[in-house]
Amino acid sequence: MQSYCIVILDYSFKLESEISELKTLRQHLNRYGRANGLAKACIFDINISLDEIFTNIVSYGFRDRSAHLITFTIKLVGNDLTIDVEDDGKVTIMSPDLAG
């Protein structure tokens, strides 16, 4: 009997802008990590980072309460892992208070 290893080099998924989607985010990361043989510690570290990014986008990235989608794209090329996170939120750049 032959066994096969599934390697997912490019993986993309979308989540709704709801904190409850953090569980789904973890599930996607675990699935991707296992499929590509990433160490559990690596998956854990990535999860902490993306958890923070996702939470900040949901909490501060939108000026309205409408539903929004946040897209995650994970790419593995050799030993380089790249994760892009896209949303349609508005960027607010605050000038520092220099008079202070």
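Predicted model: local features only at pLDDT ≥ 70, side-chain atom pairs only at ≥ 80, totals over all residues.
I take the axes as lines fitted to C-alpha atoms, for helices over the stretch in contact, with angles between N-to-C directions running from 0 to 180 degrees.

**Helix pair.** Two packed helices are described by the angle between their axes and the distance between the axes. For helix 1 and helix 2 I read a packing angle of about 150°, and their axes are 10 Å apart. Angles over 145 degrees count as roughly antiparallel, and helix 1 and helix 2 are therefore roughly antiparallel to each other. I noted the crossing of helix 1 and helix 2 as right-handed.

Which residues make the contact? From helix 1 I listed Leu-22, Leu-25, Arg-26, Leu-29, Asn-30, Gly-33 and Arg-34. From helix 2 I listed Ile-43, Ile-46, Asn-47, Leu-50, Asp-51, Phe-54 and Thr-55. I sorted the residues of this contact into 7 nonpolar, 4 polar and 3 charged.

**Overall make-up.** I then stepped back to the whole chain. The protein has 2 helices and 3 strands, and from the N terminus on the elements run β-α-α-β-β. Of its 100 residues, 29% count as buried. Among contacts with a separation of 6 or more, I found that residues 24 or more positions apart account for 62%.

The 3 strands form an open sheet in the order 1-2-3, with antiparallel pairing. Why is one side of strand 1 and of strand 3 left without a neighbour in the sheet? Strand 1 (10-16) and strand 3 (80-86) stand at the edges and each has a single partner strand, so one side of each has no neighbour there. Neighbouring strands of this sheet are turned by 15° against each other on average, direction ignored.

**Strands 2 and 3.** How many bridges join strand 2 to strand 3? I have 7 bridges between strand 2 (residues 69-77) and strand 3, which run antiparallel. Among the pairs I looked up, Ile-74 stands opposite Ile-83 in strand 3, and Thr-73 has Asp-84 of strand 3 as its bridge partner. Strand 2 and strand 3 form a hairpin with 2 residues between them. In the turn, I noted that Gly-78 has a positive phi of about 60°.

**Helices on the sheet.** Helix 1 (residues 22-35) lies across strand 1, strand 2 and strand 3, and runs at about 170° to strand 1. Helix 2 (residues 40-60) packs on the sheet and touches strand 1, strand 2 and strand 3. The direction of helix 2 makes about 15° with that of strand 3.

Conventions: Residues numbered from 1 in each chain as written. Heavy atoms only, no water. Pairing = 2+ DSSP bridges. Helix = DSSP H or I, 4+ residues; strand = E, 2+ residues; numbered from the N terminus. Contact = heavy atoms within 4.5 Å. Parallel < 35°, antiparallel > 145°, perpendicular 65-115°, else oblique. Left-handed = near helix turned anticlockwise from the far one by under 90°. Nonpolar A, V, L, I, M, F, W, Y, C, P; charged D, E, K, R; others polar. Buried < 20%, exposed > 50% of the residue type's maximum accessible area, 1.4 Å probe, protein only.
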